[in-house]
Amino acid sequence: MRKFCGKVFFAMPSAFVPHRIGFLMVFSCQFWYWLGWSVYNFIYLPEFQRLLRDNWPSAEWLVNLEMFVFNFFWLLAIFSFIRTHCSSPGGGTDSWRSFVRKQKLEIYEPRFAWQPAQATWCSKCRDVRPERTHHCSSTNECVLRFDHYCPWTANSIGHHNHKFFLLVAIYTFLANIVAFATMLPMAVAIVAGWINNDPFSNSWQKALLVVVVCLQVPQTMTFSDMCRDHVAKAYRNITSVEVNYKNMSNPYDRGSNRANLEEILGKFGLDWFFPIMPRHPVSDGISFARRCEPCEPSTASMKPDALLYYRYCELGPMEESLELSVVSSEGESEMTDD
Ligand SMILES: [Zn+2]
């Protein structure tokens, strides 16, 4: 597995144009992140402080509060972005391949359908792959629990970086909302100043502030849509590919939003909210708990090889014939990059 950190500088995949120009996409995202940060901290906050000092000196603490809240969300957003870009989404491992060989596991033809506990063959990588793994045509690699290719972060989103991707969407949305809500009154005052020829409004810094506030409208709407879409899928433990499957109801649905989220974020803890690997992951991306999995024996204490054997050999693939009558109506959305 080649290293992903900085891969957009070197990778030359054959199939998909956006990944080739990944550097430009990542650079343009970074430009907007840093432009917003500079305008907020070096134009808006000093001006806001001056206004408060002149008119409501007792309310000057508001400047520190806004500075803290915005920078907190912004820092988490930028670190989540970097981790999404730099982290490998995960691929097949040697231990998985040797497990397949040792157990002489049946290898199935890949279908555009649920195939729980079935090892499938990727004709492009010429490799055997675990359940929920798909080939990403943009990076030309098989990705564990593949969700989609994100051109803005120039990386596939899979089992090992899905958490970071969710955090990018959530924290960028929150930073945008805070910046927009706090800068809007000043932007309106500046525009009113232009109309009334008020010298207060005449500087390039204030014009830049107005431009940034205007651009935050489409940005906030985009990230709001992203959050709604991807968090809704995470609540159901379903990927952007799997929402299109109709041969059975979601076999990986754990029955509650929290249990489904834990498949991506690990056991609940403070680490959920920070762009770090889950401290207590509940899956390795090679095998996944299914709703039909009995409580006993407990899978929590099983070693990785024993867990693979239990899920792929003992429990085995699910009988579709039992499921066909319960075909889910879920998932009308399309397989698209964000
Ligand atoms: Zn592949």
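Start by selecting strands E2 and E3 (residues 127-129), which pair in the antiparallel sense over three bridges. Here, two strands pair if DSSP finds at least two bridges between them. Helices (H or I, at least four residues) and strands (E, at least two) are DSSP runs, numbered from the N terminus.

Before you go on, keep in mind that this is a predicted model: local features need pLDDT of at least 70, side-chain atom pairs count only at pLDDT 80 or more, and totals for chains, interfaces and linings use all residues. Residue numbers run from 1 along each chain as its sequence is written.

Now click Trp121: its bridge partner in E3 is Val128. Between E2 and E3 the hairpin has four residues, and Arg126 there takes a positive phi near 50 degrees.

Ile107 has Ala119 in E2 as its bridge partner.

Step back to Lys104, in the loop between helix H4 (94-103) and E1. Its phi is positive too, near 50 degrees. Is Lys104 buried or exposed? Lys104 counts as exposed because it has 8 C-beta neighbours inside 10 Å. The cut-offs: buried means 20 or more other C-beta atoms within 10 Å of the residue's own, exposed 12 or fewer, partly exposed in between, with C-beta atoms placed from the backbone.

Last stop: Arg145, in the loop between strand E5 (141-143) and strand E6 (148-150). Phi of Arg145 is positive, near 40 degrees, and Arg145 counts as buried because it has 27 C-beta neighbours inside 10 Å.
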